[in-house]
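Here are my notes on the ligand site and on one helix. Please read them with the model open.

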Amino acid sequence: MSTPAPAETSDPVREHTRTGLSKAALMQAYIDNLFYIQGRFREVATPHDRYMAAAFTARDRLLDRWLKSAQVFKTTHARTVCYLSAEFLLGPHLLNNLVNLGITRASREAATEMDLDFNAILEEEEEPGLGNGGLGRLAACFMDSLSTCQIPAIGYGIRYEFGIFDQAIEDGWQVEKSDTWLRNGNPWEIPRPKIRFPVLYGGYTQSYQDQDGRARTRWVPDQEIDGMAYDTPVLGYGVGNVNLLRLWKAEASQSFDFQAFNVGDYYGAVHAKIEAETISKVLYPNDEPEAGKALRLKQQFFFVSCSLQDMIRLHLNTVGPLETFADKFVVQLNDTHPSLAVAELMRLLMDEQGMEWEPAWDITRRTFCYTNHTLLPEALETWSVNLFERLLPRHLEIVYEINRRFLDEVRMRFLGDESRVARMSLIAEEGVRRVRMAHLAVVGSRAVNGVAALHSELVKTTILKDFHDLWPEKFHNVTNGVTPRRFMVVSNPRLAHLITEVCGDDRWIRDLGRLRELESHADDPEVQARWRQVKTAAKQDLAVWLRQNTGVELNPAVMFDVLAKRFHEYKRQHLSILHVIRCYQRLKQNPGQEMVPRAFVFGGKAAPGYYLAKLIIKLINSVAEVINHDPQVNGSIRVVFMPDFNVKNGQRLYPAADLSEQISLAGKEASGTGNMKFSMNGALTIGTLDGANVEIREEVGAENFFLFGMTVDEVRQKQSAGYRPWDIYNGDPELKADIDLISSGLFSYGDTNLFRPLTDHLLHQDPFMVLADYRAYLDCQERVGAVWRDPAQWDRMSILNVARMGKFSSDRAIREYAERIWQIEPLPVALN
Ligand code: NBY
């Protein structure tokens, strides 16, 4: 038995040091780890040494629970969720693990007693940025909730050596810097050099007959690389359950390597090694697919193949025959990025395990479920048949065969409807032939879901309508959620304490519906005063950080109006900057006028190749430069761009926001999750009827939400009537003045061309209808200002927002997946 040392050791001091949760045990553990792992005395330890010693101290306590969980899962043959995702945007581990272990206070006290700066130790951690935005962060929230909800699970993904780039702002422009998160070592992962699988690419296929005379296919690849596992334990909050996040690193195949060495080709062998390692080298920094990137397809196949081989190995080792594979595992595909898994499982079952098509297909279809995250047609992933064939010839054959059988079914059901057949085919035939990954995912899955109610409806009626006609029962909604541990307890401890005090206990942390207790205190002046103090303190913290990192000073007494998310035209950061420009012009024209003072805070990264998104960042910084230095404005408006919006910086932002901007064009944002994070921290939302905004408004009440803008239907009508942004510009003098001010060169040192690509695009195309919603947005901002003038009213609304956010815990989302989609029950692991 691989029980950890403590249970068996006869040395009580040692036992205590590795697993004990008291202040004394933590102090001893820290000193031991500093000495035995970092090889340092306290006198000469660097800040990084101190962080590592603290991290190992937390990790020891996770490992103890992890082994217990593994034993329980193994002996009970537990049904297991495998969450396949190309991204896991985890954020810093240390404080989150201390919270989930329940030892934050003891750790803080231990640090104080040893004369260590606890916050400085936390700050030292470099976050693993293995994701782009919402999709990757959702996977991380789900890992936290899977463990907290006691669902046995494995997260499978890629251990990118370079995660999402670090963003710097130079002369107002975004500049990308490489993210070297592994440079100083990663104390949270455990390398598993023996858990390693070959991954094959290229070559050709052959037909042959097996011993029983059955026709079989053999794939003769021309490249083989290895995937090696790195495991990170993920502990749930206040439970003994620890799940596994298993990320794959690409390495040169050992067998390939030996071959090359044997023929004396030393340089060739080293070259092959470098080439193999590029596969997990870097995360693609796009939040939409980039066409034709062979390395990206290789990455997808790489982690999918390793993960499925690992699952088959686990199944054969524990349960037995593969016929029961779909009873043991359910595999959730996080978008189409892992959808090659459908073809790869078929290949493994048939070519490697000798199964026939029908039983293999039956298992495959019972194993997978697929989550869609986008409605934008340009963001639906496709791969050219040529590239697909060159890298994965065997999988293309399998895709063709799945398609042949599938289209027969469609023809049978919809006699004579050949245009439907063409629409539904896994292969798009117009132009260069392409494989439609979403169609592969739907055909190969037993459940398909969208990520908010509106989005799931639109999935059924637009992009996947034909599939919904065929299999209505396959379609589900599971509205996204976020983890209240990281986004409330970890990032906003003052608010968490206040809530615990007002609610009477801290059970809300695992049962977020209990926040409803706050409702009856929403009008209590004393609670309101404390609520306001908590918000102001968070704003002070943010102001200090922003001053140190950007030089811009904010007054914590003014409204913090925050827009932070990836930069994309559909998210309409430019709508917000038009409002900023409007406020500025009003002040200039009428200096004496009463205006609610605001600090506009922006944050977010743009894909490095997305020119317009980067130009919008430049515009924000240019507007900030002018406004912040205009003495006539006298501090009533300030604009600041927070560089490098990532999980760590998000945690500084959410607690400090008064107003949360969720202003995408209706029908474009699948769900949004930042909207939930802001609202949970007491920000009021100004937003459109898009994504999860709709449900947030339903929950908090229409009177506690600032709604503006066209509905999905109105957007459609306007588009089909022929949308003419130019007419709107000419019909609204204020709008015209705002755009003209940009064109005038005021924000670009007289250069009237710098922002022209943006203004021209708005005036003549405006695909996301910024101009159409401009007036409604300004009017709504007026209502925001009016409420702000009445602090008691604002505080009441803020308290009610938090009180009614229970639905948006990722625990609720995970329970819905578990019950409706995965058919899996919680399996508690005792906490000793
Ligand atoms: O997923 C986001 C949606 O835009 C957002 O509305 C939703 O709340 C969130 C979670 O469901 N999508 C997203 O973040 N997508 C990506 O980051 C992404 C990354 C890579 C690629 C495509 C999308 N890619 O094809 O490479």
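1. The ligand lies between two domains, because domain 2 (77–92 + 127–479 + 817–822) and domain 3 (556–791) both give residues to the shell around it. Bear in mind that this is a predicted model.

2. The shell holds 20 residues. Leu135, His373, Asn480, Glu669 and Gly672 are the closest. By class, the shell residues divide into six nonpolar, nine polar and five charged. Helix 8 (residues 134–148) supplies the largest share, three residues.

3. Which atoms of Ser671, Gly134 and His337 lie by ligand oxygens? For Ser671, a backbone N or O atom lies 3.0 Å from an oxygen atom of the ligand. For Gly134, a backbone N or O atom is 3.4 Å from a ligand oxygen. His337 uses its side chain: a polar atom there lies 3.4 Å from an oxygen atom of the ligand. The protein covers 92% of the 560 Å² of accessible area that the ligand has on its own.

4. Now helix 35 (residues 810–822). A straight helix of 13 residues would span 18 Å, but the end C-alpha atoms of helix 35 span only 16 Å.

5. Helix 35 is largely enclosed by the rest of the structure, because 10 of its 13 residues are buried. Among them are Arg812, Glu816, Tyr817 and Trp822.

6. Look at both ends of helix 35. At its start, a side-chain oxygen of Ser809 comes within 3.0 Å of the backbone nitrogen of Asp811. Just after the helix, Gln823 has a positive phi of about 50 degrees.

Methods. Residues are numbered from 1 along each chain as its sequence is written. This is a predicted model: local features need pLDDT of at least 70, side-chain atom pairs count only at pLDDT 80 or more; totals for chains, interfaces and linings use all residues. Side-chain values use heavy atoms; hydrogens and water are left out. Helices (H or I, at least four residues) and strands (E, at least two) are DSSP runs, numbered from the N terminus. The expected span of a helix is 1.5 Å times one less than its number of residues. Buried means under 20% relative accessible area, exposed over 50%, partly exposed in between (1.4 Å probe, protein chains only). A polar contact is a pair of N or O atoms within 3.5 Å; within protein, one must be able to donate a hydrogen and the other to accept it, and residues adjacent in sequence count only if both atoms are side-chain atoms. A residue is near a molecule or strand if one of its heavy atoms lies within 4 Å of it. Accessible areas come from the Shrake-Rupley method with a 1.4 Å probe; for residues, only the protein chains shown count as cover. Ala, Val, Leu, Ile, Met, Phe, Trp, Tyr, Cys and Pro count as nonpolar, Asp, Glu, Lys and Arg as charged, and the others, Gly among them, as polar. Domain bounds come from an automatic or database domain assignment.
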